[in-house]
Amino acid sequence: MGQSTPIRATALIVEDDPTQREMICLLLEESDYDVIQCESAEAAELVVEKVGGCLSLLMTDVNLAGSMNGIELAHIAKEHYPSLDVVVTSGRPLKQPLPDGAKFWPKPWAALDVLREAQVAQSIGHPRLDARA
């Protein structure tokens, strides 16, 4: 029999700034995450619909490409997956309330914050690992 491959946690990163998006993705990949990245909430909503049950972490900016913002995306994701770890970031104060259980990080935040949140999301429980138990 072959060796089994460990199941990695999956994060969805939604950020329209390519530099910030790439930095977050690299940090999470170094923390043993598989990463899906989008620049619009509309694209991310499709990902949530298809694989939302496999996500451990959603990190989104408020202001994104497209007509939907990150807060609206956070509400959609938490409505369908209440235990999903959701972080919303912005350089400005929020004008809409976040869904229950979502976290707000004002920009600028530190790379260490992303690494800590990756650990928190993994400790909450990985959906694919829980399904195997």
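Before you start: residues are numbered from 1 along each chain as its sequence is written. In this predicted model, local features need pLDDT of at least 70, side-chain atom pairs count only at pLDDT 80 or more, totals for chains, interfaces and linings use all residues, and side-chain values use heavy atoms, with hydrogens and water left out.

**Stop 1**

Side chains of opposite charge can pair when their charged atoms come close. Here, a salt bridge is a side-chain nitrogen of Lys or Arg within 4 Å of a carboxyl oxygen of Asp or Glu. The count by this rule is 6 salt bridges.

Select Asp34 and Arg8. They form a salt bridge, with their closest N and O atoms 2.9 Å apart. This pair links distant parts of the chain: Asp34 is in strand β2 (residues 33–38), while Arg8 is in the segment before β1 (9–14), 26 residues apart. Strands (E, at least two residues) and helices (H or I, at least four) are DSSP runs, numbered from the N terminus.

Now show the surface. Buried means under 20% relative accessible area, exposed means over 50%, and partly exposed is in between (1.4 Å probe, protein chains only). Asp34 is partly exposed at 34%. Arg8 is partly exposed too, at 30%.

Arg8, Asp32 and Asp34 are linked in a network of salt bridges.

**Stop 2: Asp61 and Lys107**

Go to Asp61. Which residue is its salt-bridge partner? Select Lys107: the closest N and O atoms of the two are 3.3 Å apart. Asp61 sits in strand β3 (residues 55–61) and Lys107 in the loop between β5 (103–106) and α4 (111–124), so the pair ties together parts 46 residues apart in sequence.

Is Asp61 buried or exposed? Asp61 is buried, at 7%. Lys107 is partly exposed, at 22%.

**Stop 3: Lys103 and Asp85**

Next, select Lys103 and Asp85. This salt bridge has its closest N and O atoms 3.0 Å apart. Lys103 is in strand β5 and Asp85 in strand β4 (residues 85–90), so the pair ties together parts 18 residues apart in sequence. Lys103 is partly exposed at 28%, whereas Asp85 is buried at 3%.

**Stop 4: Ile13**

Finish at Ile13, in strand β1. Ile13 is buried, at 0% relative accessibility. Its contacts (heavy atoms within 4.5 Å) include Arg21, Ile24, Val35 and Met59, not counting residues up to four places away in sequence.

Select Asp61 again. Ile13 and Asp61 are 48 residues apart in sequence, and their C-alpha atoms are 8.7 Å apart in space.
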